[in-house]
Structures are given as C-alpha cells and as structure tokens.
Amino acid sequence: MIRAAGGFFAVRDAGGAVYLCRARGRLKLESGSILVGDRVIFRPEEGAEEPGGAGEGAGVIETLLPRRSVLRRPPVANVEQIVLVLALKEPAPDWQLAGRILLQGEREKLALLCCLNKIDLADAAEREEAAAALDPLPYRLLWSSAREGAGVGQLGEALRGRCTVFAGPSGVGKSSLLNAVHPGLGLKTGTVSRKIGRGRHVTRQVELLELPAGGFVVDTPGFSRLSFAGLEPDRLGDLFPEFAPHRESCSFRNCNHIHEPGCAVREAVFAGLINRCRYRQYQHFWKELNDKER
Ligand SMILES: Nc1nc2c(ncn2[C@@H]2O[C@H](COP(=O)(O)OP(=O)(O)OP(=O)(O)O)[C@@H](O)[C@H]2O)c(=O)[nH]1
Ligand SMILES: [Mg+2]
Ligand SMILES: [Zn+2]
C-alpha cells in the first residue's frame, strides 16, 4: 500500500500499476489497520484488470500480509531504515524528539541514519554543538544541505535498494532532500515561519515512492510530539545501544541505571564514555514510562 486516499488505499502491484482499493470486511474496521508500506493481497475488480487511462484501476484488499516492522509515528510498515532528519537551524534541532524517533527504530531493529541538514545556514559553533549532542553515538551521521547539494550523493547511496522512511520535525527539509537526491520526484516543499521558527506541515500525507536508482522511500509529514506506547521501562536501557558495552558490568542483574549502586552505565557517563545528554534523556524517558505504568 503506497498511500491512503479518502477511504481508499492506493496499492501498487509488482509491475508498478496502481489500483485504488477498498478494504474488505474486518480489515477496514480499524482505522489505521492498513499502513503505508503494508504488503497486501488484493483482487482487481471486474473489468479493471487493465488500469484505466489515469494509470489506476480499482480493487479490493483481501488480506494483510505479516509485517517485518511497524512504526507508530510516522505510521509506516515494513521499512528497513529510518533517516532521521534534523536541521541545524530553522528550526533548531529537537534532540528530545530525535531520541524518541531513534528509540522507535531500535525497538524495530531498523538501520538508523541521522541527517543534519541546512549546514549552509549554520556557523562553526552551531555545527560543533550538534556534533557534541551526537557524540559518541553508534549511528551513522550525514551532514547535508539540500540547498547546496552537500551530502546529497551519500544520501542517495544510503537509499539505494532499500526501503527507507524519512522522519523528523516539519520544515527540516525532508522533502527537499528527497528532491535533491531525485529531482524527478517533484515533492512539494515549504517555508519555515520566521516568527515561530517552525515548519508549516507542507507534506500532508505519508507516501511511498519508488526511487529511480532502486529502492523505496516514504516521505512523511513532520511532527513535534511522540509518546511511547507499550514500552516497558525495564526494556528502555536495551534501546540505548551505547549502554551495551557497560551494562553487563552493573552490580545488579536487572539494573535500571537510575540510582542503583555499582551501576556501570552511570560510571561510564561520569567517565565521559557515554554522552551525558543522552543519559539525561534516558532518565527522562524512564521516569515518563514509570509514571505511565502507575
Ligand atoms: N538553507 C537551506 N534551506 C533548506 C534546506 N533544506 C530545506 N530547506 C528549506 O526549508 C524549508 C522546508 O523544507 P521542506 O523540504 O518542505 O521540509 P519538510 O521537512 O519536508 O517539512 P514538512 O513536509 O512540513 O514535514 C523550505 O523552504 C526549503 O527550501 C537546506 O539544506 N538549506
Ligand atoms: Mg515535507
Ligand atoms: Zn546499571
């Protein structure tokens, strides 16, 4: 399924033809039960085997196939990789939101790439600040400018042959970067409000696009809030990959790395081996999850 449109689901078949489908019975009851990226079995409607003049036929979705991965926000199924896009400026990076997106990716065991965009707008101090926020993190980092073309070639390489979702706040340049990689996509891009320093939610829907160089990409509307659902606080530490080399050495087997004595993760934070901001984020998320449980 490549796009939801007014109660219909646009489904692309193996040959690239697109069918506007209704969902059958049980499948359509739950809203959001079929996500962009979902693989489905569908039956073209009588007389619609040959997609019409607009290149679109009609059909009915019969079955939803098992998912390899699912993200809640942006809502998308079966992607292999998340490109988290942040702008160095206009709007300034939201590390808290970034952390939440990374956690979703870790939870689904997806490849993660952080793209710091709009480097053309930032001075050296601003770049350093961003680098510090991400150091040392086990994620691939790409500095880019959709406007001037920096990093665009590498981004194209990272997308080739894979199924990737772009995620991040509104106005950071997700659609602009995709256009820079593949000008033929012709995605609509917007402006950032000077007054409130935020994007204007130009991309309105989640849409799966085929890349000319092979692979698929999902452009998504930016968002600014993301809450955790169904995540146990005990599991949170597992989703911070930089804790992994240390947590085996914690005195307690089920250490929460909050205030237990002999916590090797906290020691690593004090020793500068784990990014302090990321650890603070961990504390913050842990508290949030515990408050929710109670
Ligand atoms: N200076 C500069 N501006 C950029 C860059 N990338 C994007 N922009 C501008 O930032 C604004 C927002 O870009 P979009 O691509 O629409 O941002 P988006 O992340 O897709 O936003 P939503 O669709 O609302 O989520 C546009 O005015 C772009 O021209 C960049 O690298 N440098
Ligand atoms: Mg966009
Ligand atoms: Zn610990």
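1. A backbone N or O atom of Val 172 lies 3.4 Å from an oxygen atom of ligand 1, a polar contact (N or O atoms paired within 3.5 Å). Of the 650 Å² that ligand 1 exposes when taken alone, the protein buries 92% (Shrake-Rupley areas, 1.4 Å probe).

2. The model is predicted, with pLDDT of at least 70 required for local features and 80 or more for side-chain atom pairs, while totals for chains, interfaces and linings use all residues. Residues count from 1 along each chain as written, chains are lettered from A and ligands numbered from 1 in written order, and side-chain values use heavy atoms without hydrogens or water.

3. An N or O atom of the Ser 170 side chain is 2.6 Å from an oxygen atom of the ligand, and one in the side chain of Asn 117 is 3.1 Å from a nitrogen atom of the ligand.

4. Ligand 1 is surrounded by 23 residues (a heavy atom within 4 Å). The closest are Asp 120, Ser 170, Ser 176, Gly 190 and Thr 203. Helix α5 gives the most to this shell, with 3 residues (DSSP runs: H or I of at least four residues for helices, E of at least two for strands).

5. Ser 175 belongs to α5 (174-181), whereas Thr 203 is 28 residues away, in the loop between α5 and β12 (207-210). Ser 175 is buried at 7% relative accessible area, and Thr 203 is buried at 17% (buried is under 20%, exposed over 50%, partly exposed in between; 1.4 Å probe, protein chains only).

6. The peptide bond from Arg 73 to Pro 74 is cis, with omega near -5 degrees; Pro 74 is in the loop between β6 (70-71) and β7 (76-77). The bond from Glu 90 to Pro 91 is cis as well, with omega near 0 degrees, and Pro 91 is in the loop between β8 (81-87) and α2 (95-107).

7. Lys 109, a non-glycine residue, has a positive phi of about 55 degrees. Lys 109 lies between α2 and β9 (111-117) and is exposed at 67%. Lys 118 also has a positive phi, near 65 degrees. Lys 118 lies in the loop between β9 and α3 (124-133) and is buried at 15%.

Terms used
Polar contact = N/O pair within 3.5 Å; in protein donor to acceptor, adjacent residues only side chain to side chain.
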